[in-house]
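I opened the model and kept notes on what I looked up.

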Amino acid sequence: MRRFGLVEDANAAAFDRVPDLAVGLPLPVEGTQRERMSRYLDLCSRTENPIPGALFVHAGAEGYRRHPCRGARIVLRAYGGEPLVLLHLTPTSLEGRLRLLTDRLSDARRVMQERKRREIEMQALLAERSRLLAHLEEDAQARQRAEAERDAVLSRLYRAGQDERRRLARDLHDHAGQQLVTLTFGLRKIASRLSCPTAIHEVEQLLRHTQDIGQSLRRVTLELRPAALEEFGFVTALRSLLDEWSRVTEIATEFQIVGKEADLPLETAITLYRLAQEALTNVAKHAGPGVCVSIVLRFSALQVTLTIDDNGRGFEADEALTSLLVSQGKLGLLGMRERLSLVEGTLNIEAAPGKGTSIVARIYLSAKESGHAE
């Protein structure tokens, strides 16, 4: 109700108790009680604590019936936020009180039934959630097992590939290399016995071709099996690779070592060596003219980091994503990541068009491998 007595809204029980009640009209109180009701409503509108009172409200043919009541100030958004008075009429007759109690009991029963229904639904949802979590956990475990099996297979394939490279390099050196040496000595012996200038010239050309084949064969052998890794260590082998690559490509290089050098496991050394080969090959193919290459090898207590920077053309960094690398056929960069993952390493590629490329490879070492005590 509003402060001046207009009924703003009413529930079904109110219409049952006051037959002449109408929304939008004043409460049908006895004429002599209107001023008293106005003061009562004004008092109620000033506090949110229920204030007891009594009103004589019209009850149809029965005339006016006295109703005990309790009123308090209330603000509801649905009514524009204007303060109203919530008025609760209490019936005086036994029948009315019983009906009120019955209504309250029915409301309480409906609330309990609704609460029970919601509890059942909640239990069903929780059970379904538990089943889904169990399935997700099973799927995650299955995926982990599959990934572990895949990594184990890739590791075996990688080691088998390295073994095959060493075997091929050894066969090329022991057989094809020895045959080229024999051929070279034979050609030189023939040249020493010839007197015809034309024949001597042709034999010398064959000797030069043989030497070129020998140099190509040595390059292939070194790519297949970097013997310097086993004989002189990773740092010396990497330095030799840079010197040879710089000489052939005529690209300036800079090589730095940070930290105390440590002996690396052969598999780790081969992985970093192959990565450097692939990165330098990409620089020669794609970086463009006037490029310079900087390589930093950093040793620390727990990891070794190889950084290869160039100031070439670069590319979009998003292209380093695995899916894009596969779709675009850039399997060299993808191969780098796969090789590093087999030795518990990571690879970060930073690039931008016109701003060069930076490749950072990190491999974590155990205390024993790094030469540091825990």
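**Ground rules.** I am working from a predicted model, in which local features need pLDDT of at least 70 and side-chain atom pairs count only at pLDDT 80 or more, while totals for chains, interfaces and linings use all residues. Residues are numbered from 1 along each chain as its sequence is written, and side-chain values use heavy atoms, with hydrogens and water left out.

**Whole chain.** I looked up the secondary structure and found 10 helices and eight strands in the protein chain. Helices (H or I, at least four residues) and strands (E, at least two) are DSSP runs, numbered from the N terminus. Of the 374 residues in the protein chain, 32% are buried. Buried is under 20% relative accessible area, exposed is over 50%, and partly exposed is in between (1.4 Å probe, protein chains only). I also checked contacts, meaning heavy atoms within 4.5 Å. Among those between residues at least 6 apart in sequence, 56% join residues at least 24 apart.

I looked at strand S1 (residues 51–58) and strand S2 (residues 64–75), which pair in the antiparallel sense over eight bridges. Pairing here requires that DSSP finds at least two bridges between two strands. Phe56 has Arg66 in S2 as its bridge partner. Five residues separate S1 and S2 in this hairpin, and Gly60 in the turn has a positive phi of about 70°.

**Salt bridges.** How many salt bridges does a search of the whole structure find? I got 11. The criterion is a side-chain nitrogen of Lys or Arg within 4 Å of a carboxyl oxygen of Asp or Glu. Side chains of opposite charge can pair when their charged atoms come close.

I noted Arg2 with Glu8, where the closest N and O atoms are 2.9 Å apart. Arg2 is buried at 17% relative accessible area, and Glu8 is partly exposed at 23%.

Arg46 forms a salt bridge with Asp42, with 2.6 Å between the closest N and O atoms. Arg46 is exposed, at 61% relative accessibility.

For Arg73 and Glu48, the closest N and O atoms are 3.9 Å apart. This pair links distant parts of the chain, since Arg73 is in strand S2 and Glu48 is in the loop between helix H2 (34–44) and S1, 25 residues apart. Arg73 is partly exposed at 29%, whereas Glu48 is exposed at 60%. I also found Glu114, Arg117, Arg118 and Glu121 joined into one network by salt bridges that share partners.

**Ser45.** Is Ser45 buried or exposed? Ser45 is buried, at 9% relative accessibility, and lies in the loop between H2 and S1. Leaving out residues up to four places away in sequence, Ser45 touches Arg3, Arg73 and Val85.

**Second largest pocket.** I put its space at about 620 Å³. Of the 28 residues that line this pocket, Asp9, Asn11, Leu86, Leu87 and His88 are the closest to its centre. A pocket is an open set of points on a 1 Å grid over the protein atoms alone where a 1.4 Å probe fits, with protein on both sides within 12 Å along at least five of seven lines; lining residues have an atom within 4 Å of a point. Volume is the space filled by probe spheres set on the points, which are joined across faces, edges and corners.

Helix H1 (12–17), S2, strand S3 (83–89) and helix H3 (94–193) each supply at least two lining residues. S3 gives the largest share, six residues.
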